[in-house]
Amino acid sequence: MLSLSFTPLVPTLVLAAVALLAAVAALVSILTRGVTGIVRTLALACLVIALANPSLVREEREPMKDIVAVVIDRSTSQTLGPRATQTNAAVEELRNRLGAMDRQIEARFATVTDNAGGGDGTRLFSALSDLLADVPSERVAGALLVTDGVVHDIPGSTALLGFNAPLHALVTGHEGERDRRIALLEAPRFGLIGKDQTIRLMVEERGGTGDATLTVRRDGQLLRTLTVATGRPFALPITIDHGGPNVVELEVDGLDGELTNANNRAVLTIEGIREKLRVLLISGEPHAGERTWRNLLKSDANVDLVHFTILRPPEKQDGTPINELSLIAFPTRELFQQKISEFDLIIFDRYANQSILPNIYYDNIARYVREGGALLVAAGPEFATAGSIARTALGPVLPAAPDGRVLEAPYKAEVTETGHRHPVTRALPGSETTPPSWGEWLRLVGAHVDTGSVLLSGSEERPLLVLLREGEGRVGMLLSDHAWLWARGYRNGGPHLDLLRRLAHWLMKEPALEEEALRANARGGEILIERQTMSDAPGPVVVTSPDGTTREVTLSGGEPGLFNAVTPAEQHGLYRLTSGDLAAFVNVGPENPRELTDVFSDTERLRPLAEATRGSVRRIASGMTDAVDLPRLTLVSSGSRFSGGDWIGLRASGSAVVRGVSVMPLGYGFLGLAFLLGAVLVVWLVEGRRRGLNDPDAAR
């Protein structure tokens, strides 16, 4: 390739001034001298050209291939109906056609999936940008998108594409597709236990009947089935049954011939929380440990504590009038008859039967426990006396009965074999050594246990902490009043906060402290299974996938009472896990994937951008057939059109790499300039002589 190059011998401004003066002189010479002026003009032009120092430049260029980007959509929506088959056929045909043009273009392919579960949707243009990141914009011949048109990262303008070439979208799927789905309009994340939370939703459909049957489940249990009108929002109240995750499933019946049933079901998890834990603490004889219970319960902002202390037993007679015995009369009837069901936990701390509570109130407390309430007895020496509450109507619900002994000797609390497996005392800080690395207690109330589970033992391996499930409720008994020694740091203290807080929350049915529990969590493409049990070896866990297939997973032991396993989650959706009577649910991937909110193939989303690049959008399958008919691919060197009825164009850039350059000077620098000056001088001499011959007077 030849081109003309200039390397002036003088500064550009000087050259421009010389050229201007030469032009003026040439014009004057032509006007005054006629033909001779033309000769002078040529000489001046040669002078200016010599100063510009022109050269011929020859470049050896090697043509470069233009780049064509092909982005293939393999997202979840591309698996619906015949789209996957159409995509495979289109990609194969494109590879063949672009391969036949390999002398002129280089084809680059990228495949886009939604491995994260469709939470961010289909991001074709992010992949397109990555594919062309190392390519100069002038070398891009065009981009081809094989997609169903459900794209979620379409740029707002062509400037954001990073190239000036046509964009063509080859759309899979058919017109007239049918589908029905659940759209969640308002989905609460938290709810108060025992209260209703309202979910707002709507059943959307295309090509449906106008009515649909909605099935509602909570933690796998059927709540209700109702008929709803499609296309109309409605409210659905759901009762929060328990603390922790409440998994709500909403499923609508499908349409005949619809694209997918995957979006006919929506899953949401509502975390059950307690509004306030109401605790009634009744302290009997004042003692050093009373403050420990109060501080523990008051430190929890979620606990509403009602505390009464019996400062003067009835047998004490000192002549004080009854109306001056207390600041506030003990409201026994209000607490133990009218409002007893409002408490989540009742604690008797060193309380003896002192005729303050009538027997009918003990009956009420026992009934409260059997109907789901929680009772904790922190016993002192009074439990071994005739005034023990074990000798009242409350005795049948207590896990231990006194044997009349009170042991006053130092001992270290030991975690029993059952205690090592129980969530209340498992891995209690300090229990990892033998003997435990915590301080001693100095008192133990003797008792025999008939039905409860002993988690801690004391002096002579006698029971110290006993738990019992009674009816729907729970009872705990701590057979010592010396937990406060740990709180005061006696002999290095001990984990009193861990022990007492776990104990209180187990009594109030905290899901994380259940003895028999099955839990599951999703992590990436895996499901983590945890089985809490008091048995030696639980059976396998049955995992039911979203498509209904089942498999058994064998657990392996970790900590005492805990068994674990990890199993792959190959599908997105709700998994059900069962182990005996226990069931757990876990949702893998987004609860409501963006990929499935709008599943209809669409030619309009990409059209504005494609047309702005002079590209095109078209379906590759006509009618309802699955046969693919791709347009012809053509390289277009110039023009304003890059598509037609049966063809799509790619821009030919003509890019090349310069492999070598040769330069041939035309004026030969100062040598040429000297030659030209000589030529100008000769012209002037010849002209002067000729003028002398023509003028006789001048000759004389």
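**Entry 1**

I began with R200, which forms a salt bridge with E186, the closest N and O atoms being 3.9 Å apart. R200 lies in strand β9 and E186 in strand β7, so this pair ties together parts that are 14 residues apart in sequence. I noted the rule: a salt bridge is a side-chain nitrogen of Lys or Arg within 4 Å of a carboxyl oxygen of Asp or Glu. Helices (H or I, at least four residues) and strands (E, at least two) are DSSP runs, numbered from the N terminus.

I recorded that this is a predicted model, in which local features need pLDDT of at least 70 and side-chain atom pairs count only at pLDDT 80 or more, while totals for chains, interfaces and linings use all residues. Residues are numbered from 1 along each chain as its sequence is written, and side-chain values use heavy atoms, with hydrogens and water left out.

I then looked up accessibility, where buried means under 20% relative accessible area, exposed over 50%, and partly exposed in between (1.4 Å probe, protein chains only). R200 is partly exposed, with a relative accessible area of 29%. E186 is also partly exposed, at 43%.

A second pair is R180 and E205, whose closest N and O atoms are 2.7 Å apart in a salt bridge. This pair links distant parts of the chain, since R180 is in strand β7 (residues 179-186) and E205 in strand β9 (residues 196-206), 25 residues apart. R180 is buried, with a relative accessible area of 1%, whereas E205 is partly exposed at 23%.

**Entry 2. Other salt bridges**

I next examined D536, which forms a salt bridge with R421, the closest N and O atoms being 2.5 Å apart. D536 lies in the loop between β26 (526-532) and β27 (541-544), and R421 in helix α8 (residues 417-421), so the pair ties together parts that are 115 residues apart in sequence. D536 counts as exposed at 58% relative accessibility, but R421 is buried at 19%.

How many salt bridges does the rule give? I found that the count comes to 36. Among the residues involved, R350, E382, E408, R443 and D481 are linked in a network of salt bridges. As background, I noted that side chains of opposite charge can pair when their charged atoms come close.

**Entry 3. The loop residue H287**

I located H287 in the loop between β15 (277-283) and α5 (290-298). H287 counts as buried, at 16% relative accessibility. I looked up its contacts (heavy atoms within 4.5 Å). Not counting residues up to four places away in sequence, H287 touches D349, R350 and D481. A polar atom of the H287 side chain lies 3.0 Å from the backbone nitrogen of G289.

**Entry 4. Nonpolar cores**

I looked up the nonpolar cores, each a set of buried Ala, Val, Leu, Ile, Met, Phe, Trp, Tyr and Cys residues joined through side-chain atoms within 4.5 Å. The largest has 75 residues, of which L280, F336, L345, F348, L375, I389 and L394 touch the most other members. Apart from it lies another core, of 26 residues, among them I67, L128, V140 and L161.

Which residues does L375 touch? Leaving aside residues up to four places away in sequence, I listed L345, I346, F348, V369, L394, L398, R474, V475, G476 and L507.

**Entry 5. Helix α10**

I checked the length of helix α10 (residues 496-507). The expected span of a helix is 1.5 Å times one less than its number of residues. For the 12 residues of α10 this should be 16 Å, and the end C-alpha atoms are 16 Å apart, which agrees.

The buried residues include H496, L499, R502 and W506. L507, which touches L375, is also buried.

**Entry 6. Backbone angles**

I noted that most residues other than glycine have a negative phi, and most peptide bonds are trans. K509, which follows α10, has a positive phi near 65 degrees. N492, in the loop between α9 (484-487) and α10, has a positive phi near 75 degrees. N492 counts as exposed, at 75% relative accessibility.

A427 lies in the loop between α8 and β21, and its phi is positive, about 55 degrees, although A427 is not a glycine. P435 lies in the loop between α8 and β21 (444-449). A cis peptide bond joins T434 and P435, with omega about -5 degrees.

Technical notes
Polar contact = N/O pair within 3.5 Å; in protein donor to acceptor, adjacent residues only side chain to side chain.
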